[in-house]
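These are my notes from going through one protein model. I wrote down each thing I looked up, in the order I came to it.

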Amino acid sequence: SKGFRARATPTKAMTILTLYLAARGLPFSGSSLKIKISPPEGGSDDVELGETDVVDGADADHDKSFPFEYTEGGADDARRISIDVRNENGAWQCSRSFVVGDIISSNKCSVEAKKLSSGGVLIAHLTSATVTGSLKLQLSGKDLKNMDGMGLLRKSDPFFALMVLNDETGNWDAKYRSATVKNELDPEWEECSVDLVELCGGKLDQRLRVVVFDEDDKKKMNLINMRPEQNEVMGYAETSVNQLLGGGTLTMLLRGKDHGHVVINTAELVDYSDPKENVSKVMEAAGKIESTKIAAAEAEAALERAKESLEAKKTALEEAQAAAEEAELTLQSAQEAAFSAKEACDVVAGLFF
């Protein structure tokens, strides 16, 4: 008999969402946020996404963003993001929560703003967009210190590496290494292109080290085993992509001493795009919309209170008018009774006189 092949169940694509946060109209002079998200399907504990630094002012755009894994159209849509709002001294002021699916489906920009019980508005924006682009870089060395003796017969074989500090291990990890220029203390390295996400996570102010090594034929150094404390290091300088873009010359240091220079001949961004450039605009618009909604709601509530007050005054006036009319009728009855009593008195008086 013919066999049947089971139909493969299509898997839902997993992506990385990044959460951006801002606040508007806070009633304190500074704020920070602490963020956690409910567990993914099958999990039991909330996941701490982290916290922001304190930002001064009633309006706060928090630079720090918070990535997390997300599967579209699944249980992740129901995950709840909880945010503690703290003042400039770190004291808790209020909490607010957002549902992932609600933010995504709220509008084309996937941004949602909510009123805070302490006053002000908290804005949450989710996006899967990431930094794109590369750094085009061309460096050259000048007067590098020779690591191979006195340099009469042989000079060092320098190459450079771009390294980033790993916050978890405390090590400087190599993200790029150049080709080696043999027997040269004034090397001209080839122009290179380095992906910004791989280099620095797209953060242009991320601390980088430009480290110059002396190639050792006995030690095949690669991106994994390269360390800036190795004996083959000819010197290093700390910088960032933004600083490299400014051009100039880097002084190579080793054990606190000058070990030559690296000249930045070319440094420019290619096809660069950062979603953060649009984030502030999106969140500013969302904050204004929510603030307008709040102001409109408060005006409507004030109008309702005024209507209720007017109705109460109308009712009181009508009641007062009714009471006045009743009092007037009572007065008329009293006057008539008094007149009747006087007539009766006059009749009685006539009988005796």
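**Entry 1: a pair in a helix.** I began with Lys307 and Glu304, which are three residues apart in helix α4 and therefore separated by about one helical turn. Helices here are DSSP runs (H or I, at least four residues), strands likewise (E, at least two), and both are numbered from the N terminus. Lys307 forms a salt bridge with Glu304, with 4.0 Å between the closest N and O atoms. I noted the rule: a salt bridge is a side-chain nitrogen of Lys or Arg within 4 Å of a carboxyl oxygen of Asp or Glu. Lys307 is partly exposed, at 44% relative accessibility, and Glu304 is partly exposed too, with a relative accessible area of 36%. For these words I used the cut-offs buried, under 20% relative accessible area; exposed, over 50%; partly exposed, in between (1.4 Å probe, protein chains only).

**Entry 2: what kind of model this is.** The model is predicted, so local features need pLDDT of at least 70 and side-chain atom pairs count only at pLDDT 80 or more, while totals for chains, interfaces and linings use all residues. Residues are numbered from 1 along each chain as its sequence is written, and side-chain values use heavy atoms, with hydrogens and water left out.

I then looked up the confidence. The pLDDT is the predictor's confidence in each residue, from 0 to 100. Its mean over the protein is 86, and 91% of the residues reach 70 or more. Over residues 1-10 the pLDDT is below 50, and this stretch has zero contacts in the model beyond near neighbours in sequence. Contact means heavy atoms within 4.5 Å. Which elements have the lowest and the highest mean pLDDT? Helix α4 (residues 276-352) has the lowest, 82, and strand β7 (residues 80-87) the highest, 97.

Entry 3: Side chains of opposite charge can pair when their charged atoms come close. I searched the whole structure and found 11 salt bridges. In one of them, the side chains of Arg86 and Glu51 meet at 2.7 Å, N to O. Arg86 lies in strand β7 and Glu51 in strand β3 (residues 47-51), so the pair ties together parts that are 35 residues apart in sequence. Arg86 counts as buried at 17% relative accessibility, whereas Glu51 counts as partly exposed at 37%.

I also looked at Asp157 and Lys182, whose side chains meet in a salt bridge at 4.0 Å, N to O. Asp157 is in the loop between β11 (132-142) and β12, Lys182 is in the loop between β13 and β14, and the two are 25 residues apart. Is Asp157 buried or exposed? Asp157 counts as buried, at 1% relative accessibility. Lys182 is partly exposed, with a relative accessible area of 48%. Arg154, Asp157 and Lys182 are linked in a network of salt bridges.

**Entry 4: aromatic rings.** A pair of aromatic rings is described by the distance of the centres and the angle of the planes. Rings of Phe, Tyr and Trp (its six-membered ring) pair if their centres lie within 6.5 Å; planes under 30 degrees apart count as stacked, over 60 as edge-to-face and the rest as tilted. How many aromatic pairs does this rule give? The count is three.

Phe160 and Tyr176 form a tilted pair, 5.9 Å centre to centre with 45 degrees between the planes. Phe160 lies in strand β12 (residues 158-165) and Tyr176 in strand β13, so this pair ties together parts that are 16 residues apart in sequence. Phe160 and Trp189 form an edge-to-face pair, 5.2 Å centre to centre with 70 degrees between the planes. Trp189 is in the loop between β13 and β14, so the pair with Phe160 ties together parts that are 29 residues apart in sequence. Phe160 is buried, at 1% relative accessibility, and Trp189 is buried, at 2%. Phe160, Tyr176 and Trp189 form one aromatic cluster.

**Entry 5: Ser178.** Ser178 sits in the loop between β13 (172-177) and β14 (192-195). Ser178 is buried, with a relative accessible area of 4%. Leaving aside neighbours within four places in sequence, Ser178 is in contact with Phe159, Phe160 and Trp189.
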